[in-house]
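Welcome to this guided tour! Open your viewer, get your selection tool ready, and follow along one stop at a time.

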Amino acid sequence: MVDRSDGQPGWGARYDEVLERASEHARAWLSGVNERPIPPRIGPREVADRLGGILSDDGESPVEVIEHLATAAEPALSAIGSPRFYGWVIGGTQPVALAADWLASAWDQNTGLRTITPGAVAAEDIAGEWLLDLLGLPAGSEVGFTTGATMAQFTCLAAARDEVLQRLGWDVETAGMAAAPRIRFIVGEERHGTVDLAGRYLGLGSPTIVPSDEQGRIRVDDLRTTLAAGEGPAIVLLQAGNIHSGAFDDFAAAIAVAHDAGAWVHVDGAFGLWAAASPSLRHLTAGMADADSWSTDAHKTLNVPYDCGIAIARDAAAMHRALSLQASYLQVTDVGSDPQDRVPELSRRARGIPTWAVLRSLGRNGVARLVDGLADAARGIADGVGALPGVEVLNDIAFTQVCIALADDAQTQALSERLWSDGEVLAMTSRWHDRTVVRFSVSNWGTDAAQVRRTIEAVTRARASVASA
Ligand SMILES: *Cc1c(COP(=O)(O)O)cnc(C)c1O
């Protein structure tokens, strides 16, 4: 092949000005994200007015569009990347991950097939191998990159569904689900809501619910009873990291019970799976590697930009059977499976590249420090905030989650509203064990001791104003 580029300004120059403008806005955002008030400053209607209007006949220049986008939308954004953003479980982004993500966008690789983009697929494959190693999961497991943990879970449960029916001689791929034997889909009381969603998408119906203990862990005796009470194919869903308490199921016991009953075990570890990468927290995940599949997010704990979830299955063939597309126009190589064999999408962005970049940049110890840092910050917040008058910390601080409450629900609600209007810290309310709680999910790589101090100060101010209201 002859390289015909002659060094003259040409195609690339068409991108220069608009990319420069976008880069300036991106840098301005990033340099202020730590200090701006965290909640959006304008509401949904106002920003829709700014961005809307009648679509023009003749359009605008790319630079004008980017300028308008950045200035009109920015006041309606949350500072999600702030190290004092604790809403839901949402991470920020590490510099190397963002830079790699920019490259992935510029390269614009359709990452369904290795033939067309060996570079992007190799980066994802290697990231997958490193992840298995870091998380202590079986080498040779298949790894797929999805939009998030919801889809990662869907992906793994699709493999699970097809495999447990295959064992009975029922081929979902040809026979469908309508007349299939019923699968018992068994979950803990405090599973994440997206588990039910995956079950719905897959035609599993509503799950059978096993009670949880006071920290939200599935009760293994009840799991045993539930499994013994029925028969037929079963999928058991366990959890690494409860969104309120951070608690981990007792994997060693629960997996043994489930496997004795012939069930496929899936672990939802959207943020908790990462505990396995830390020598000091790894004990929380003891026995977890004996499961059949695992789902997690890189856009939470690992702090890559949205979006990136990760689906991992021990049985690669089961994953391929459920998800792979065979078509005459798709050439496959003999190097290994293709990304499209592992996830629901065919065409997709190279979203594993930022994960590759972060892992390479941090190394094994850096990932452990990242995870330890989040857990240390959660303990710091729990200690500092828990010492304020009338503040109760409701959970054992196992990992990155802190749930607090005041004397009654109305006061707790008021505390969260004061925090929102103060703007220094964002922590959302939730309901846990019949109480309104304010929940801190520590998920940002920048949440260090200084940020924890600022957090405690902000909660102290908000607490004082609730008390005096
Ligand atoms: C966030 C989360 C999910 C869903 O992940 P998405 O990336 O939002 O799709 C599932 N389970 C748990 C425990 C979570 O924290």
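## Stop one: the ligand

Start by selecting D297 together with the ligand: an N or O atom in the side chain of D297 sits 2.7 Å from an oxygen atom of the ligand. Keep in mind as you look around that this is a predicted model.

How much of the ligand does the protein bury? Taken alone, the ligand exposes 380 Å², and the protein buries 85% of that.

Now show the whole shell. There are 13 residues around the ligand, and the ones that come nearest are T150, D268, D297, H299 and K300.

## Stop two: aromatic pairs

Leave the ligand and turn to the rings. A search of the whole structure finds six aromatic pairs. Select W130 and W356, and check how the two rings lie. Their centres are 6.3 Å apart and their planes meet at 20°, which is under the 30 degrees cut-off, so this pair is stacked.

Where in the chain do these two partners come from? W130 belongs to helix α5 (residues 118-135) and W356 to helix α12 (residues 353-386), so to speak distant parts of the chain, 226 residues apart.

For another arrangement, select F154 and Y201. With centres 6.1 Å apart and planes at 70°, which is over 60 degrees, the pair counts as edge-to-face. This pair also links distant parts of the chain, with F154 in helix α6 (residues 149-166) and Y201 in helix α8 (residues 193-201), 47 residues apart.

Are F154 and Y201 buried or partly exposed? F154 is buried, because its relative accessible area of 16% is under 20%. Y201, at 46% relative accessibility, counts as partly exposed.

## Last stop: a cluster

Finish by selecting F248, F271 and F399 together. These residues form one aromatic cluster.

Methods: Residues numbered from 1 in each chain as written. Predicted model: local features only at pLDDT ≥ 70, side-chain atom pairs only at ≥ 80, totals over all residues. Heavy atoms only, no water. Phe/Tyr/Trp six-rings, centres within 6.5 Å; stacked < 30°, edge-to-face > 60°. Helix = DSSP H or I, 4+ residues; strand = E, 2+ residues; numbered from the N terminus. Buried < 20%, exposed > 50% of the residue type's maximum accessible area, 1.4 Å probe, protein only. Near = heavy atom within 4 Å. Polar contact = N/O pair within 3.5 Å; in protein donor to acceptor, adjacent residues only side chain to side chain. Areas by Shrake-Rupley, 256 points an atom, 1.4 Å probe, with all protein chains shown as cover.
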